[in-house]
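Student: I would like to go through this model by question and answer. Could we begin with the loops?

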Amino acid sequence: MRILLVEDDTALGEGIRTALKPEGYTVDWLQDGASALHALTHESFELAILDLGLPRMDGLQVLKHLRAAANPVPVLVLTARDATSDRIAGLDAGADDYLIKPFDVAELKARLRALLRRSFNRPQPVFSYRGISLDPVSQAVSYLDKPVNLPRKEFLLLHELLAQPGRVMTRDKLQQALYGWDEEVESNALEVHVHHLRKKFFPELIRTVRGVGYLVDK
Ligand code: CA
């Protein structure tokens with residue numbers, strides 16, 4: 001399993017490389033964006049760990065070039081603490097996941113495993129819909145480039161609806177997605193979540209199909 005690590009902080013780069021070695025990964029390490037783009041374009045990696053603040057082309061540009069060239073390599077972005085806008089820009093530019101510095105190595109390993117698992121199956125897209133962006137993997141939601149913190153059930157509901165725009169989702173199906181089979185559900189719980197989502201985003205986001213369920217228009 002070959003990973004490209006792009007990180008200009010020597011101590012951090014060394015630390016990550018050392019930590020990943022026993023996991024059986026082959027880690028190639030570069031310290032600037034231009035070399036990274038060149039390597040990712042001409043060689044084959046299962047995954048890239050990409051710092052955003054890099055000399056000779058920042059990580060965001062690397063990512064944009066990659067995705068513009070339809071390079072599907074899974075990318076985990078490393079961002080500075082509190083740089084929410086970086087995180088969103090990274091996801092918008094096609095990052096598959098992100099980690100905020102400083103992070104626990106155990107978490108990095110878990111994220112890599114998840115990313116690799118995913119890349120062997122169907123890649124999950126970040127959903128974009130009329131200013132809303134929802135990332136199923138990181139569970140980050142934003143609206144007009146501002147992060148929105150959704151309670152778990154609202155996140156799941158929005159995810160279900162955005163995954164299939166134009167299609168009516170029945171109440172039964174939505175309730176199952178939100179609550180599983182053996183969870184007690186208040187009869188108006190779904191209405192309440194829909195109401196909250198409309199308020200947090202915009203009223204026309206979710207259309208009611210009387211007697212059937214809900215949908216977001218295509
Ligand atoms: Ca850096």
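Student: In which loop is arginine 56 found?

Tutor: This is a predicted model, where local features need pLDDT of at least 70, side-chain atom pairs count only at pLDDT 80 or more, and totals for chains, interfaces and linings use all residues. Residues are numbered from 1 along each chain as its sequence is written, and side-chain values use heavy atoms, with hydrogens and water left out. Helices (H or I, at least four residues) and strands (E, at least two) are DSSP runs numbered from the N terminus. Arginine 56 is found in the loop between β3 (47-51) and α3 (59-68).

Student: Is arginine 56 buried or exposed?

Tutor: Arginine 56 is not a glycine, yet its phi is positive, about 50°. Buried means under 20% relative accessible area, exposed over 50%, and partly exposed in between (1.4 Å probe, protein chains only). With a relative accessible area of 57%, arginine 56 is exposed.

Student: What is the relative accessibility of alanine 70?

Tutor: Alanine 70 sits in the loop between α3 and β4 (75-79). Its phi is positive too, near 60°. Alanine 70 counts as exposed because its relative accessibility is 63%.

Student: Which residues is aspartate 51 in contact with, leaving aside neighbours within four places in sequence?

Tutor: Aspartate 51 lies in strand β3. At 5% relative accessibility, it counts as buried. Contact means heavy atoms within 4.5 Å. The partners of aspartate 51 beyond those neighbours are Val6, Glu7, Asp8, Gly59, Leu78 and Lys101.

Student: What feature does UniProt place at Asp51?

Tutor: UniProt positions are given in the numbering used here, feature names are shortened, and annotations may be inferred rather than shown by experiment. The entry is unreviewed. At Asp51 it records "modified residue: 4-aspartylphosphate".

Student: What is the omega of the peptide bond from lysine 101 to proline 102?

Tutor: Proline 102 is in the loop between β5 (97-100) and α5 (105-120). The bond from lysine 101 to proline 102 is cis, with omega near -5°.

Student: What order do the strands of the open sheet have?

Tutor: Two strands pair if DSSP finds at least two bridges between them. The open sheet has 5 strands with parallel pairing. Its edge strands, β2 (26-30) and β5, each pair on one side only. The order is β2-β1-β3-β4-β5.

Student: How far apart are the end C-alpha atoms of helix α6?

Tutor: The expected span is 1.5 Å times one less than the number of residues. For the 12 residues of α6 (residues 152-163), that should give 16 Å. The model agrees, as the end C-alpha atoms are 16 Å apart.
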